[in-house]
Amino acid sequence: MKTLILRTASNYLLPLLLVFSVFILLRGHYLPGGGFVGGLIAAIAFVLHAFANGLDNTKGLLRFHPGFLMPVGLGLAFISGLAPVIGLDDPFMTGLWFPEPFPVIGSVGSALFFDIGVYLVVIGVTLTIIFTISESA
Amino acid sequence: MLAAILLGFLFAIFLVFAGKFFRGKLAVLSALIPGGLFAYFASFIPQISSGEIISKTYQWVPAFGVDLSFKLDGLSLLFSLMITGIGFLVFAYTASYLRGHKYLDRFYGYLSLFMAAMLGLVLSDNLISLFVFWELTSISSFFLIGFNNTNPASRKSALTALGITGFGGFFLLAGALLLGSITGTYSISEMLSMKEAIAGSEYYILAVIFIFVAAFTKSAQFPFHFWLPGAMKAPTPVSTYLHSATMVKAGIYLLMRFTPVLGDQEFWNITLIIVGGITMVYSAIHALFRTDLKGVLAYSTISALGILVFLIGLGTKAAFLAAAVFIIVHALYKATLFLVTGIIDHQTGTRDVTKLGGLRKIMMPVAIAGILAAISSAGIPPSVGFLGKELTYEASMHAETFTIIIVIAIVLTKILLLWAGFVAGIKPFVGKLPDAHKDVKAPGFLMWAPAIILAVLGILFGIFPMLIESALVKPVVSSLGADASDYHLALWHGFNTVLLLSAITIAVGIFLYFFLKPSAKLESRIGKLEFISPKSITEKGTHYFSVFSAFWTNVFQNGYLRNYVTTIVLFLVVLVGYVMFGNPTVLIDYRQLSEVTAYELAVVIILIAGVFYTVFTKSRLAAVAAMGVVGLAICLIFVFYSAPDLAMTQFSIDTLTVILFVLVLYRLPKYLTLSDYKMRIRDGVLSVALGTVICLLALQVLAEPTNSEIGDFYAKNAYIMAQGKNVVNVILVDFRGTDTLMEIAVLSISAIGVFGLLKLRLKSTDRSQ
């Protein structure tokens with residue numbers, strides 16, 4: 001399925017979609033969105049790229065196996081839950097927040113890091129499954 | 001205190017990254033960790049012996065009463081010192097024993113993982129966290145037993161040990177939950193004050209049985225004992241550390257910890273006396289029939305654990321004293337004997353006691369350690385073993401019932417244990433050196449020094465019992481709920497019956513040692529009885545169980561996705577249909593349904609068209625695309641009913657699903673009709689039935705009075721408590737964040753599953769192995 005139009009478009013779409021996925025991830029706390037959808041959109045971006053340019057090119061672009069995102073994301077989510085236990089003797093998963101919201105991002109707290117963890121895991125899982133299946137099909 | 005426990009875990013994780021630096025000469029440095037912890041715990045001795053109890057609580061899941069709360073009292077202190085002290089020596093010994101091993105770093109990782117888990121276990125004051133650490137010790141023991149993972153026997157033993165101790169772990173969890181529901185708390189210290197309420201509860205017996213099964217499996221009591229001799233497949237440092245000095249005593253620890261809560265009841269005492277009694281005699285007799293040094297030691301360890309269970313069962317102050325002393329005695333002499341055996345094995349390459357002799361000429365320090373340990377194990381004065389034996393006899397002579405039988409059993413056990421100790425500690429060193437071992441080299445300092453230290457301590461504590469009396473022994477007894485402040489440990493108590501029994505034990509034991517030599521003939525004789533041993537019976541049981549599960553799996557997990565879906569759908573239809581039509585008040589309130597708008601109608605028509613196209617099309621790709629249409633139509637319905645989050649997610653999922661299908665289907669051969677008409681009609685009927693049932697269910701849910709309490713709570717508190725305005729997302733990442741954490745873990749597991757199934761296929765050459 002290597003059409004010129006799709007290939008050219010996908011080169012521009014990949015960064016755009018990735019930025020969009022981060023946008024969706026960040027706005028999740030106030031408006032529809034969040035780590036899960038964001039992760040799926042990012043995964044779609046890569047899958048689209050793979051569709052147009054071939055799997056090997058996308059893999060070259062990624063440089064590492066997407067599966068590595070799973071432990072990274074899980075670790076990030078777990079640590080964001082563990083942080084209050086270690087830092088403040090609060091129960092697991094207590095929300096911690098910076099007092100002032102950051103420009104552009106909004107209020108930053110442990111929940112955001114948790115959501116980033118979800119985002120990474122979803123990308124990792126989706127790409128691992130799709131890459132694996134399409135390689136063996 | 002949390003840091004002290006976590007240190008081992010952190011070191012294990014650290015080794016994953018920095019392991020290669022610890023494979024060589026630096027390996028011995030890792031002994032600094034248990035060494036430092038030993039010093040840390042030893043610094044608490046003055047406080048604990050003056051009767052203080054140190055506790056520290058970290059909240060974990062406060063909503064369920066699950067905390068990481070740690071309590072250091074006499075009992076915990078004794079175990080902590082044993083874990084870190086023997087750990088220190090074993091870590092150092094390992095550096096020499098496994099020098100140059102390819103996976104030395106991995107071994108240290110497992111060892112420190114175990115050490116941390118074991119410390120957590122003996123320091124936990126919360127039953128649930130105790131359970132977690134309990135399981136961690138089983139798991140690390142599994143890794144360590146199976147360390148020589150190229151050897152099938154090792155792997156099998158590791159699996160057996162994990163199976164048995166894991167089985168007990170379930171019972172511990174059940175017991176914890178039961179006790180939690182009786183008392184309303186998981187804190188062990190709080191349970192102490194509810195002794196009467198627990199004993200009066202109708203679930204008392206059940207709770208005790210659960211705790212017993214957990215303790216008996218872990219501490220290798222009859223009939224669960226057989227995993228321990230198998231566990232001797234592990235490298236000797238592991239046998240020393242886990243399977244004689246510490247982990248197998250976790251069950252003893254559990255029983256002791258619960259003595260003030262559950263003890264002092266007839267059921268508790270009599271069961272422990274019987275099980276402990278059978279175990280100690282049974283396995284002491286078994287030890288006679290072994291020629292492998294580690295086999296002899298394994299059975300004598302089980303027997304010693306039996307003695308401890310038996311003493312806890314006696315439940316008197318004297319028995320608790322005896323148990324506290326005997327734990328120290330046994331840890332010192334048995335660890336020494338294991339270390340000595342390890343040295344012999346390492347230098348000569350054999351552990352067959354019939355082939356060993358005269359090794360004193362080559363390794364004098366080891367011989368001294370072995371002989372001193374044998375003396376302590378035999379209970380010959382002035383060793384600390386003598387103290388332990390005297391106290392044990394004293395306690396058994398004051399048993400309330402069946403005193404004669406109990407005394408005979410314990411004396412018999414001690415005689416046989418004396419024999420076992422002599423065979424392991426003295427026999428390899430005396431007599432003539434066989435020609436085959438003429439060129440054996442002497443072991444290095446790191447190997448014999450730990451053995452000597454432990455053996456000398458065994459004698460030192462005997463001569464100066466005040467060293468351990470108020471520091472270790474009495475605090476343990478007071479943790480068990482008895483007061484022993486008026487008692488003094490001493491070697492000499494005058495001429496009395498106990499002394500006479502001791503003399504008989506030593507005389508008969510030494511006679512037996514000269515009369516009965518271990519031989520292969522004896523070993524084969526006991527082998528004939530193997531078919532009625534608990535081990536063979538359990539193995540048969542597990543064999544039939546696996547045959548049954550293979551049958552069950554073949555019926556239900558037959559590998560055809562369509563059969564799985566059929567089963568699930570059929571089950572759902574029958575169950576939900578039965579409940580709905582069995583209940584006569586099926587009410588559907590049509591008045592509450594809102595008007596159907598034109599665009600909703602349009603979407604539904606598209607949806608139905610999509611479904612029909614999917615079912616009847618001849619092209620696979622077209623079916624997939626039509627499925628995508630169905631999914632998108634549903635997304636639109638979500639949008640109409642103000643669920644944008646759901647719509648976005650569904651949209652992305654649908655896109656990915658279609659892409660996935662296309663990627664796979666692209667390479668499949670042309671569409672084939674594999675199902676006949678009957679199957680198609682059956683599937684059609686089933687699908688329509690499911691749709692109808694779900695539709696009716698949804699309609700009925702609408703008719704129920706709605707309870708919006710939970711929804712209101714989230715809506716109200718999302719911004720106040722979690723600073724977010726998108727309630728759905730706040731629930732996902734904050735209110736129910738732990739659920740999400742589990743869900744993404746499950747996602748990762750499924751991805752690894754897909755990867756494993758498709759990528760890690762065995763080559764046909766590997767498959768035969």
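**A hairpin, an interface and a helix pair**

Let me begin with a turn in chain B of this predicted model: in the hairpin formed by S1(B) and S2(B), where 4 residues lie between the strands, B:Gly65 adopts a positive phi near 70°. The two strands themselves, S1 covering residues 54-61 and S2 covering residues 66-72 of chain B, are paired in the antiparallel sense over 7 bridges, and in this pairing B:Ile54 has B:Leu72 of S2(B) as its bridge partner.

Turning to the interface between the chains, 47 residues of chain A are in contact with 40 residues of chain B. On the chain A side, the elements that contribute two or more residues are helix H2 (35-53), helix H4 (69-88) and helix H5 (110-136), and of these H5(A) gives the most, with 15 residues. As for composition, the residues on that side of chain A divide into 29 nonpolar, 15 polar and 3 charged.

My last topic is a helix pair in chain B. Helix H15, residues 293-314, packs against helix H16, residues 317-348, at an angle of about 170°, and their axes are 10 Å apart. Because angles over 145 degrees count as roughly antiparallel, H15(B) is roughly antiparallel to H16(B). Among the residues making this contact are B:Leu297, B:Ala304, B:Leu308 and B:Leu311 from H15(B), together with B:Ala323, B:Phe326, B:His330 and B:Phe338 from H16(B). Taken over both helices, the residues of the contact divide into 16 nonpolar, 3 polar and 2 charged.

Definitions and conventions:
Residues numbered from 1 in each chain as written. Chains lettered and ligands numbered in written order. Predicted model: local features only at pLDDT ≥ 70, side-chain atom pairs only at ≥ 80, totals over all residues. Pairing = 2+ DSSP bridges. Contact = placed C-beta atoms within 7 Å. Nonpolar A, V, L, I, M, F, W, Y, C, P; charged D, E, K, R; others polar. Axes fitted to C-alpha atoms, helices over the stretch in contact; angles between N-to-C directions. Parallel < 35°, antiparallel > 145°, perpendicular 65-115°, else oblique.
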